[in-house]
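Subject: Structure handover

Hello,

Please find the structure below. My notes on what turned up in it follow.

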Amino acid sequence: MKGDPEVHEEFEARLKAYEGLPAAATGVGRDLVNEPMIRHWCEAMGDTSPAYTGPDAIAPPTMLQAWTMAGLTHRPERTAAYDELLTLLDESGHEAVVATDCEQEYLRPLRPGDRITFDSVIESVSGRKTTKLGTGYFVTTRTDVRAGGELAGTHRFRILKYAPAYRPSKPAERRPRPVVNRDNAGFWEGVARHELLIQRCTACHTLRFPWLPGCNACGSPDWDTVEASGEGTVYSYVVMHHPPFPAFEPPYAVGLVELAEGVRIVSNVVGVPYDKVRIGMPVRLEFRRYDEELELPVFQGVGP
């Protein structure tokens, strides 16, 4: 795809021709919106909002995509148009793929008993973009989710199909800097002192993490902090293999660690091989310096 601008224009016109075509056939949710899935979701997310329990319960809006998922053994066929688009990008050298972001819009609450239907369309294909990963094209699909025929929300999912840019001679890049704002500045000040601080609502004494401007249990804006003991267990984890990123050396384990205090934090699990990390493994907090500016809380495996 290097060279003549007219070739690029022709190629991008071919990509644009797929906009508006279906990405997946009309689907029907495998299950009705139901209380057990809502309960499991809330437990996993630590969401104790009363709106999601009781006779007038609604489903958490962020579950929107969950009701459309087909499962590991029952995956609907993509449309020929979507396969053709991906093949066209593959054959032009844009063989690598990474999911970049998703957007959701909620139009009406979903309630237990709702039957979900959904349609997916290729909403847009960007022009050629140059990123740190390489040069490629962003492909956005939009899924319209309906309940009883009424539009309940939309889910946009965006991937980058790119030709990897390898720069082996380039100096190692630094890890990304954390985003520090007025809501979480106290947490990072604690990290600088080698303290892992958890917010505590002063009205109902509920602990919360990550830091939020108000209590998600009672709504109070008043809080103080408690220092975590540093003991915890691996609640869940993933092993990152792809995409490669200059500041990291895959494969490595990223864990959702449940602290002894009951809240959960996402961090690296270190000190054990990535393929030996297990759910339930005991871990202990330590602070690891990555460069002259960046020090992060990580968790050392302490199990056998």
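First, a definition: helices (H or I, at least four residues) and strands (E, at least two) are DSSP runs, numbered from the N terminus. V269 sits in one such run, strand β12 (residues 264-270).

Two notes on the source. This is a predicted model: local features need pLDDT of at least 70, side-chain atom pairs count only at pLDDT 80 or more, and totals for chains, interfaces and linings use all residues. Residues are numbered from 1 along each chain as its sequence is written, and side-chain values use heavy atoms, with hydrogens and water left out.

**Overall**

The protein chain has four helices and 14 strands. Its C-alpha trace spans about 60 × 60 × 40 Å along the principal axes. Of the 304 residues, 35% are buried. Buried means under 20% relative accessible area, exposed means over 50%, and partly exposed is in between (1.4 Å probe, protein chains only).

The chain exposes about 17400 Å², and carbon and sulfur atoms supply 54% of that area. Accessible areas come from the Shrake-Rupley method with a 1.4 Å probe; for residues, only the protein chains shown count as cover.

Contact means heavy atoms within 4.5 Å. Among contacts with a separation of 6 or more, 63% join residues 24 or more positions apart.

On charge, there are 33 positive and 42 negative charges, and their mean positions are 2 Å apart. Lys and Arg count as positive, Asp and Glu as negative; His and the chain ends are not counted. Each charge is placed at NZ of Lys, CZ of Arg, CG of Asp or CD of Glu.

V269 counts as buried because its relative accessibility is 6%. Leaving out residues up to four places away in sequence, V269 touches V234, A253, G255, V277, V283 and F299. L256 is 13 residues from V269 in sequence, and the C-alpha to C-alpha distance is 9.1 Å.

D144 is in strand β5 (residues 134-147). With 12% relative accessibility, D144 is also a buried residue. Its side chain makes a polar contact with the side chain of R142, at 3.1 Å. A polar contact is a pair of N or O atoms within 3.5 Å; within protein, one must be able to donate a hydrogen and the other to accept it, and residues adjacent in sequence count only if both atoms are side-chain atoms. Beyond four places in sequence, D144 is in contact with T117, F118, D119, L151, G153 and T154.

**Salt bridges**

How many salt bridges does the structure hold? The count is 20. A salt bridge is a side-chain nitrogen of Lys or Arg within 4 Å of a carboxyl oxygen of Asp or Glu.

- K161 and D90: the closest N and O atoms are 2.4 Å apart. K161 is in strand β6 (residues 150-164) and D90 in helix α3 (residues 80-91), so this pair ties together parts 71 residues apart in sequence. K161 is buried at 5%, whereas D90 is partly exposed at 28%.
- D224 and R200: the closest N and O atoms are 3.0 Å apart. The pair links strand β9 (residues 223-227), which holds D224, to strand β7 (residues 197-201), which holds R200; the two residues are 24 apart. D224 is partly exposed at 28%. R200 is partly exposed at 28%.
- E231 and R284: the closest N and O atoms are 3.1 Å apart. E231 belongs to strand β10 (residues 231-240) and R284 to strand β13 (residues 282-289), so parts 53 residues apart in sequence are tied together. Relative accessibility is 35% for E231, which is partly exposed. R284 is partly exposed too, at 41%.

There is also a network: salt bridges with shared partners join R174, R177, D291, E292 and E293.

**Backbone points**

- F209 to P210 is a cis peptide bond, with omega near 5 degrees. P210 lies in the loop between β8 (207-208) and β9.
- P250 to P251 is cis, with omega near 0 degrees. P251 is in the loop between β10 and β11 (252-259).
- H194 is not a glycine, yet its phi is positive, near 60 degrees. H194 lies in the loop between α4 (185-192) and β7, and is partly exposed at 43%.
- H205, also not a glycine, has a positive phi of about 70 degrees. H205 is in the loop between β7 and β8, and is exposed at 55%.

Best regards
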